[in-house]
Amino acid sequence: MKVNSLVGRILAGVLLVAACGLGAYAQGAHAPKPGEVDDAAIRASVKNMVDGWNTKSGELFAKPFAADADYVVINGMHLQGHDVIAQSHQRIFDTIYKDSTLSLSVKQIRYLRPDVAVVHVTGNNKTRRGAETMESNAIITLVMTKEQDAWKIVAFQNTQVVPARQN
C-alpha cells in the first residue's frame, strides 16, 4: 500500500512539473518579441494624431508631442512646443480644415537607440471645398524619444508629395 501511495505522489509531482513547463512554454510563445511593444506604442501615437485630426481636436492631435517639440508644417512654417502645436491645429480645424479627413500609415520605424526612433509615415488629406474635394499626399518624418515608458514626438517634418510631371 505504501508503495502505491508513494508512486502516486511521484506521478502527481511529475505531472505538476510537466504542466508548469507547458504553461511557461505557452506563455513564452505569446510574449511580445523585442520591439513589438515599442512599435505598438509608436503606431498608437500616429493613430492619436489621426483621431485628433478627424475629430477636430487640436489637443488630442498634439497629445503625442513632447512639451518642447519642433513641428515643421508642409508649407515650411516652424512651430515650437506642444501647446503651440495644439492651438495652431485647433485654428485650422475650426477654419480651412474643418471639412477634411486625414489618414496616416507608418511605413518604417528605425531605432537609433532603444529610446530614440526615426519614423516615416505617409499621409493623405482629403478636404471638401464646396462641391470639390482637394486631395494631398505627404511623407512625414518623426523623431521620437522614449521618456518614462512613453514615446513622444520631439521633431516632426511634413513634406508634400507632388505627383511627377508627365512629358
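**Exercises on a predicted model**

In this chain, 47% of the contacts between residues at least 6 apart in sequence join residues that are at least 24 apart. The model is a predicted one, and the exercises below go from the whole chain to two of its residues.

**Exercise 1.** State how many helices and strands the chain has, and in what order its elements run from the N terminus.

*Solution.* Begin with the count, which comes to four helices and six strands. Then follow the chain from the N terminus, where the order of elements reads α-α-α-β-β-α-β-β-β-β.

**Exercise 2.** Find what share of the residues counts as buried, and which part of the exposed area carbon and sulfur atoms supply.

*Solution.* The chain has 167 residues, and 31% of them count as buried.

**Exercise 3.** Decide whether threonine 127 is buried or exposed, and describe its surroundings.

*Solution.* First place threonine 127 in strand β4, which covers residues 116-129. Its relative accessibility is 4%, and because buried means under 20%, threonine 127 counts as buried. Next, leaving aside residues up to four places away in sequence, threonine 127 touches Ile96, Tyr97, Asp99, Ser100, Glu132, Thr133 and Met134. Finally, the side chain of threonine 127 makes a polar contact, at 3.2 Å, with the side chain of asparagine 125.

Terms used: Residues numbered from 1 in each chain as written. Predicted model: local features only at pLDDT ≥ 70, side-chain atom pairs only at ≥ 80, totals over all residues. Heavy atoms only, no water. Helix = DSSP H or I, 4+ residues; strand = E, 2+ residues; numbered from the N terminus. Buried < 20%, exposed > 50% of the residue type's maximum accessible area, 1.4 Å probe, protein only. Polar contact = N/O pair within 3.5 Å; in protein donor to acceptor, adjacent residues only side chain to side chain. Contact = heavy atoms within 4.5 Å. Areas by Shrake-Rupley, 256 points an atom, 1.4 Å probe, with all protein chains shown as cover.
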